[in-house]
Number of protein chains: 2
Amino acid sequence: MNPTACILVIGNEILSGRTQDVNVQYIARRLAEMGISLREVRIIPDIRPVIVNVVTETRAAYDHVFTTGGIGPTHDDITSSCVAEAFGVPWAPHPETFQLLEKHFAPGEFNAARQRMATLPVGATPIRNPVSIAPGFTMGNVHVMAGVPRIMRAMFEEIAPTLRCGRPVTSRSWHAFGLYEGGLAEKLEKIQDRHPDVDIGSYPFHDHDGHGGVALVSKGLDADEVAQVAQDIRQMIEKLGFTPIEGEPAHKA
Amino acid sequence: MNPTACILVIGNEILSGRTQDVNVQYIARRLAEMGISLREVRIIPDIRPVIVNVVTETRAAYDHVFTTGGIGPTHDDITSSCVAEAFGVPWAPHPETFQLLEKHFAPGEFNAARQRMATLPVGATPIRNPVSIAPGFTMGNVHVMAGVPRIMRAMFEEIAPTLRCGRPVTSRSWHAFGLYEGGLAEKLEKIQDRHPDVDIGSYPFHDHDGHGGVALVSKGLDADEVAQVAQDIRQMIEKLGFTPIEGEPAHKA
């Protein structure tokens, strides 16, 4: 079975609606490519007992836990010390990271706040940050990354080669204009019933001109079976009198 | 104390990275305006026992639970029957909704799949859908809405006037170019320590020209105290030798 994963998005700015998260989609796509099954995402606030409890719960439940956010130098950046607490280890200056940051900042600039970014759970392995130097880290199966998207992506790609992967998910899509879910649901369910190991999703779409239809996405670990399902879906669309178009529509919403 | 809320985003298409969620930010902003405290968001797959368990857990933990996704006519739309199961009530045709949809569709078009959209947990109150007719519903403190953003927004605005609200959150922001978190963290923490009831967030930003800085956001229920904190932050920025600009930066990432 493929390894499982969970993402924890940590930050009041997402829960207040200030910031639109874009990290989940990036990580989700990359995990699918790597054959790691993303089972759950939780968006939680910068509150110590909440973070500690959710890390404790999810690190036991999933093979990989990815966190984004809360590792900067300010008072609201508490992810790192919470992960230490969740693992029951001290949160202490990490010598190599301390030296790295000391060298990076101008003399006198490596103040107490910035020294917090060199403070890691004891036993953690830093994740290199090619953008702004201060690292993320991996502690056990928990991968702690920045919230700023371009830094998060760089950190994810640093650890990606080290992750235990599974069989990648194969995906095939068809869409058709003018076709609606209510008109195909019964036929689609029969295809789904014949192929319980393929995950068939049905998604209405509308383009900016008001034209709409439905996209039908088949996903699974067995590429041959996914191809068979996609073939059945193409034929179903034709039998219903519509024109199947391979791939996803340009506008998904 | 303000009422609390949780959002459940239900759908494999978010966890696979196919679809970028935009509903959370909309609901989050509206809840903040209404004085409802969004405590958690969970993104979960279209898997019956997962949905049933998470609905059961969150409806006990929060005053309001909002769900998005999984209420269409296809086999992967299982939110409605899962909510029935979570409440321990039958999932049965809702007479008024049945009539409404029967009248909406052309003769012969109101097939078994579309009849599923008129099937609700017994005891649920439909949420009007002015976009595509098939309703959401409220069952107890659980508000079940569509995943398609424009339908979700219409449904949310239908129920918004009926929700128990609290004191709205007041927010004040300043930002400054050239100022970085590491240079202000210690001073900012002192302001935070003097005002524990105000939530001060610090967010780095970069515009498309590569100019960057930091945005400092103060939020709280006491508008006077939030104004005082915002004033302290403005003075702090000036004392550090930078130019405070009121509001949020144009580019937040």
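Colleague: Ground rules before we start?

Modeller: It's a predicted model, where local features need pLDDT of at least 70, side-chain atom pairs count only at pLDDT 80 or more, and totals for chains, interfaces and linings use all residues. Residues are numbered from 1 along each chain as its sequence is written, chains are lettered from A and ligands numbered from 1 in the order written, and side-chain values use heavy atoms, with hydrogens and water left out.

Colleague: OK, the sheet. What's the strand order, and how many strands form it?

Modeller: There are 12 strands in an open sheet, ordered S6(A)-S7(A)-S8(A)-S3(A)-S1(A)-S2(A)-S2(B)-S1(B)-S3(B)-S8(B)-S7(B)-S6(B), with mixed pairing. Strands are DSSP E runs of at least two residues, helices are H or I runs of at least four, both numbered from the N terminus, and two strands pair if DSSP finds at least two bridges between them.

Colleague: Which strands sit at the edges?

Modeller: S6 (125–129) of chain A and S6 (125–129) of chain B, each pairing on one side only. On average, neighbouring strands are turned by 20° against each other, direction ignored.

Colleague: Are S1(A) and S2(A) parallel or antiparallel?

Modeller: Parallel, over 7 bridges. One to click on: Cys6(A) has Glu40(A) in S2(A) as its bridge partner.

Colleague: Switching to helices. At what angle do H2(A) and H7(A) pack?

Modeller: About 20°, with the axes 10 Å apart. Axes are lines fitted to C-alpha atoms, for helices over the stretch in contact, and angles run from 0 to 180 degrees between N-to-C directions. That pair is therefore roughly parallel, the label for angles under 35 degrees; over 145 is roughly antiparallel, 65 to 115 roughly perpendicular, and the rest oblique.

Colleague: Who's touching whom there?

Modeller: Contact means heavy atoms within 4.5 Å. H2(A) brings residues including Tyr26(A), Ile27(A) and Leu31(A), while Met152(A) and Phe156(A) are among those from H7(A).

Colleague: And in chain B, how do H3(B) and H4(B) pack?

Modeller: They pack at about 55°, axes 9 Å apart, and that makes H3(B) oblique to H4(B). The contact includes Ile51(B) and Val55(B) of H3(B), plus Val83(B) and Phe87(B) of H4(B).
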